[in-house]
Amino acid sequence: MPARYSRTQIILHWAVTGLTAVQFLAHDGIEAAWRTYASTGIADPGPGATLHIVFGLAVLVLVVWRLALRVTHGAPRRTGGHPLAARAAGIGHWALYGLMLLVPLSGAAGWFLGAAAAAEAHEVLKTLLLIVILGHLGAALVHRFWLRDGVLARMPPGG
């Protein structure tokens, strides 16, 4: 097991973080384009919707790359702490990976295939992803300010 994530894994982590933040903050364009599509049947994305689509597909590609690196290079071993906390961390990380795959896939199916059920699933999964991200952020803050155990040194911003 490596002592920390590779530079590429770190860069991909923060790239996905940035792209995902933009997706949550700048979603008005895709919502307007979807409402137009749902009411008229005409798919005419403006610049905001196009950006959302491109960034969503980028998240998908980068997450697949991250997963491939995790399989081939591994991840740092969790050390110390309560076994239930380690189990929760594992579940949380795999929930993040799963949702970061399912959210763009459901969005793409909704948009490109016109699948209303996929678009609805996208909305639900997006909310679940936000909840899991907030849990991940909360856990990172606990490690940094309460436990002070150096866990965050494995994934420093900027690699």
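Visitor: What covers the buried residues of helix 3?

Guide: In this predicted model, the cover includes helix 1, helix 2, helix 4 and helix 5. The buried residues of helix 3 are Ala49, His52, Ile53, Gly56, Val59, Leu60, Leu62, Val63, Arg66, Leu67, Leu69 and Arg70.

Visitor: Why are helix 2 and helix 3 called roughly perpendicular?

Guide: Helix 2 (residues 28-40) and helix 3 (residues 47-73) pack at about 110 degrees, with axes 7 Å apart. Angles of 65 to 115 degrees count as roughly perpendicular, and therefore this pair is roughly perpendicular. Gly29, Ile30 and Ala33 of helix 2 make the contact with Gly48, Ala49, His52 and Ile53 of helix 3.

Visitor: What makes up this contact by class?

Guide: The contact of helix 2 with helix 3 has 4 nonpolar, 3 polar and no charged residues. Gly counts as polar.

Visitor: Which residues touch the most other members of the largest nonpolar core?

Guide: Of its 15 residues, these are Val16, Val59, Leu62, Val63, Tyr97, Met100 and Leu129. Helix 1, helix 3, helix 4 and helix 5 each supply at least two residues of this core. Another core, of 5 residues, lies apart from it, and includes Ile30, Ala49, Ile53 and Trp111.

Visitor: What is Met100 in contact with, leaving aside neighbours within four places in sequence?

Guide: Met100 is in contact with Val16, Val59, Val63, Arg66 and Leu129.

Methods:
Residues numbered from 1 in each chain as written. Predicted model: local features only at pLDDT ≥ 70, side-chain atom pairs only at ≥ 80, totals over all residues. Heavy atoms only, no water. Axes fitted to C-alpha atoms, helices over the stretch in contact; angles between N-to-C directions. Helix = DSSP H or I, 4+ residues; strand = E, 2+ residues; numbered from the N terminus. Parallel < 35°, antiparallel > 145°, perpendicular 65-115°, else oblique. Contact = heavy atoms within 4.5 Å. Core = buried A, V, L, I, M, F, W, Y, C linked by side-chain atoms within 4.5 Å. Buried < 20%, exposed > 50% of the residue type's maximum accessible area, 1.4 Å probe, protein only.
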